[in-house]
Protein chains: 2
Amino acid sequence: MIIQGFSFSAVEAAIKKPGRKDLALIYSEVPAVAAAVFTTSTVKAAPVLVSSEHIASGFAQALIVNSGNANACTGEQGMKVALETVHSVASALGIDSTAVQVCSTGVIGVQMPVERVQAAIPALVNGLTDGTLDDIAQAIMTTDTFPKMEVISCQVNGVQYSVAGIAKGAGMIMPNMATMLSFIITDAAVEPAFLKQTFRSAVDNSFNAITVDGDTSTNDTCLILANGMAGNSLITDGTEEGNSFAIILNNVLLSLAKQIVKDGEGATKFIEIKVSGAKNDLDAKRAAMAIANSSLVKTAFFGQDANWGRIFAAVGYSGAEVDQSLLSLSFDDVCMARNGIFAGEDAEARGTEVLKQKDITVTVDLGIGIGAATVYTSDLTHEYVSINADYRS
Amino acid sequence: MIIQGFSFSAVEAAIKKPGRKDLALIYSEVPAVAAAVFTTSTVKAAPVLVSSEHIASGFAQALIVNSGNANACTGEQGMKVALETVHSVASALGIDSTAVQVCSTGVIGVQMPVERVQAAIPALVNGLTDGTLDDIAQAIMTTDTFPKMEVISCQVNGVQYSVAGIAKGAGMIMPNMATMLSFIITDAAVEPAFLKQTFRSAVDNSFNAITVDGDTSTNDTCLILANGMAGNSLITDGTEEGNSFAIILNNVLLSLAKQIVKDGEGATKFIEIKVSGAKNDLDAKRAAMAIANSSLVKTAFFGQDANWGRIFAAVGYSGAEVDQSLLSLSFDDVCMARNGIFAGEDAEARGTEVLKQKDITVTVDLGIGIGAATVYTSDLTHEYVSINADYRS
């Protein structure tokens with residue numbers, strides 16, 4: 001896979017513990033058109049504060065990212081570390097500081113070992129000659145059990161460009177506007193305003209439609225860099241090329257978002273929740289998210305227990321407009337309930353069979369209007385509790 | 001304990017499985033002034049629909065309650081069963097149907113075995129001669145591990161009256177306006193409008209301030225009956241007697257609410273979360289509930305891991321107005337963080353000691369205003385997952 005003009009590097013900086021690559025760099029030969037979506041939390045990590053200021057220029061040329069420490073709830077010292085890191089990278093690369101994005105993920109409330117980060121930067125920059133995007137995907141993992149990557153290529157008027165993305169995230173996942181860490185790079189030339197708009201919409205349909213545990217992180221960042229080095233003619237809104245680009249971007253982000261759910265901490269199931277017949281799309285998303293975040297629903301899936309009543313209970317408290325006598329619910333193609341009541345003994349046995357699968361689609365129709373939404377979630381398991389009971393140790 | 005004029009009965013009706021008392025009756029010799037708060041869910045169980053209509057009269061004389069089946073998501077058949085049950089009880093007691101309240105708790109979406117309920121009613125009514133309130137507290141248990149009861153007595157101008165309450169609930173606990181099942185009886189004579197108002201306020205400070213798993217039930221009901229048989233002069237608003245009654249009622253409800261949290265499914269910890277310094281009380285409650293409902297916070301408590309950053313992260317997405325540089329946090333009297341950052345290595349060791357306790361107070365100050373709220377919750381454990389993965393089996 002070649003995304004022209006981008007190079008990659010990852011090194012061991014022993015930020016949390018030695019023996020794994022935890023500091024990574026993505027660099028574009030030329031300044032890239034850039035857009036980003038950050039956490040909506042009011043408790044924002046230092047790198048989020050720095051990066052959101054830098055992105056205002058609409059351009060970026062480098063991204064430095066570490067795992068093992070979130071640099072969140074670290075006050076002025078945390079801001080100092082984030083800024084010094086950015087300056088060191090900018091100076092080593094000979095670019096402007098504002099062209100550098102910085103991201104962190106890991107434990108909250110612990111100061112970053114700034115000397116170790118600084119000491120690693122020369123090797124990090126030198127490593128750009130032979131690193132790969134996969135190295136970055138590996139280096140940003142925390143409780144992730146596999147690296148998350150997606151690449152799609154496309155021909156536009158005889159010119160090929162690619163959109164590649166990586167992501168990390170397994171817990172503290174309930175994006176609200178933005179999500180965990182995800183970096184998208186493309187060598188396509190894309191008109192800046194169109195890039196921003198398609199990117200936001202793709203984030204809404206992907207990262208903002210997943211939840212593992214209902215917790216929104218202090219560090220959520222999703223960043224896209226488009227450096228134009230594929231040599232295509234500029235992709236703009238309202239054109240066939242623009243539509244293709246939007247579809248590709250959507251697919252890359254949705255693939256990464258689903259990978260995050262599949263790697264949800266302790267997850268044994270991947271559950272797609274489709275709500276239709278809502279008063280409007282917002283109501284549909286409310287209902288779908290209430291189901292996806294219900295501990296009782298999630299434990300029932302883990303137990304392969306076709307306890308559909310808990311799903312209706314979640315819809316009931318979701319805030320969506322509901323007429324309980326119009327509700328229907330299916331597990332895959334097995335109708336479990338219609339007109340608000342159980343579909344019959346046969347459904348129980350067949351529904352239980354569906355729940356033995358690894359991938360399950362839950363369809364809930366509210367029977368009121370035409371609003372619809374789809375969200376993705378995982379089950380709640382013993383392993384989730386184990387992972388999070390001693391995350392810091 | 002004597003609450004004058006009330007009698008009690010509980011029998012085995014084999015509603016879910018045989019061998020335990022699962023149908024109970026509370027009866028007042030005379031019509032009692034009554035008030036109730038029901039679930040705010042739009043998916044309401046049949047007995048909630050029936051009882052909320054009956055309570056409009058402001059009076060009640062009997063309550064029939066079953067465990068093992070929620071009679072929720074049961075459609076017209078469910079309504080028929082609830083109404084027939086009420087009629088049979090009314091006719092056996094020789095009172096008006098609208099004076100009967102009906103409640104159910106248990107599995108959702110399964111039709112009630114109406115013949116078994118009907119068959120048990122004669123024995124239930126006959127049993128009123130020798131049952132106790134404790135029998136009722138036992139009969140309404142589902143995943144509860146102990147019955148929940150509180151009684152407080154008081155002298156008013158030489159006349160003694162008592163306020164007694166029972167409750168059930170361990171999972172699907174995140175009241176919103178109302179909660180699980182709780183029945184309060186008193187032989188005090190209380191002015192109806194004052195009873196309603198003090199009752200609502202007591203519910204807000206108790207059942208509406210607890211959460212086990214963030215799920216609001218389809219059956220939540222909290223009911224109070226005041227039959228006046230103590231013979232006291234009428235308790236009214238704005239009097240010393242009224243204030244005493246309000247305090248007693250608050251204490252009974254808060255005791256029951258705390259018992260529910262202590263019996264939270266799989267809970268090993270009781271956590272009191274006090275948020276102060278918020279812009280207003282609503283913001284304080286938002287922040288406190290976000291902390292109390294965070295799976296990451298709850299698993300960290302289970303793991304006795306002083307991961308205070310997760311608490312700030314929850315405050316950050318709570319929707320409350322926050323300035324992260326003003327946040328402070330303590331575990332009991334150990335300050336873990338101030339001005340948004342870690343209080344130091346000493347705090348880590350001392351905070352970890354606090355988390356080894358069974359009862360923990362978390363105090364978060366937002367440093368902005370004078371809004372305050374207290375909520376109560378439990379930790380999230382392996383046992384919670386086990387209980388809920390196979391609740392129906």
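Mentor: Start with one residue pair. Ser330(B) stands opposite Cys335(B), which lies in β12(B). Keep in mind that this model is predicted.

Trainee: What makes β11 and β12 of chain B a pair?

Mentor: Two strands pair if DSSP finds at least two bridges between them. Strand β11 (residues 328-331) and strand β12 (residues 334-338) of chain B have 3 bridges, so they pair. Their sense is antiparallel.

Trainee: Which sheet of chain B holds these strands, and in what order?

Mentor: An open sheet of 7 strands, in the order β8-β15-β10-β14-β11-β12-β13 (chain B). The pairing is mixed.

Trainee: Why are β8 and β13 of chain B called edge strands?

Mentor: Look at their partners. β8 (210-211) and β13 (341-342) of chain B each pair on one side only.

Trainee: Which strands of that sheet does helix α6 of chain B touch?

Mentor: Helix α6 (residues 240-262) of chain B touches β8, β10 and β15 of chain B. Its direction makes about 45 degrees with that of β15(B). Helix α9 (residues 308-317) of chain B packs on the sheet too, touching β11, β12 and β14 of chain B. The angle between α9(B) and β14(B) is about 50 degrees.

Trainee: Now a single residue. Is Ala72(B) buried or exposed, and how do you know?

Mentor: Count C-beta atoms. A residue is buried if 20 or more others lie within 10 Å of its own. Ala72(B) has 30, so Ala72(B) is buried.

Trainee: Where does Ala72(B) sit, and what does Ala72(B) touch?

Mentor: Ala72(B) is in the loop between β3 (59-69) and α2 (75-93) of chain B. Among its contacts are Ala45(B), Ile108(B) and Thr218(B), and also Gly309(A) from chain A.

Trainee: How many residues of each chain are in contact with the other chain?

Mentor: 54 residues of chain A are in contact with 54 of chain B. On the chain A side, α9(A) gives the most, with 8 residues. By class, that side has 23 nonpolar, 25 polar and 6 charged residues.

Trainee: Why does the radius of gyration of chain A agree with a compact globule?

Mentor: Set the value against the rule. With 393 residues, a compact globule would have a radius near 21 Å. Chain A has 22 Å, so the two agree.

Trainee: What percentage of the residues of chain A count as buried?

Mentor: Of its 393 residues, 59%.

Terms used
Residues numbered from 1 in each chain as written. Chains lettered and ligands numbered in written order. Predicted model: local features only at pLDDT ≥ 70, side-chain atom pairs only at ≥ 80, totals over all residues. Helix = DSSP H or I, 4+ residues; strand = E, 2+ residues; numbered from the N terminus. Buried ≥ 20, exposed ≤ 12 C-beta atoms within 10 Å, placed from the backbone. Contact = placed C-beta atoms within 7 Å. Nonpolar A, V, L, I, M, F, W, Y, C, P; charged D, E, K, R; others polar. Axes fitted to C-alpha atoms, helices over the stretch in contact; angles between N-to-C directions. Rg over C-alpha atoms; globule rule 2.2 N^0.38 Å. Lists of a residue's contacts leave out its neighbours within four places in sequence.
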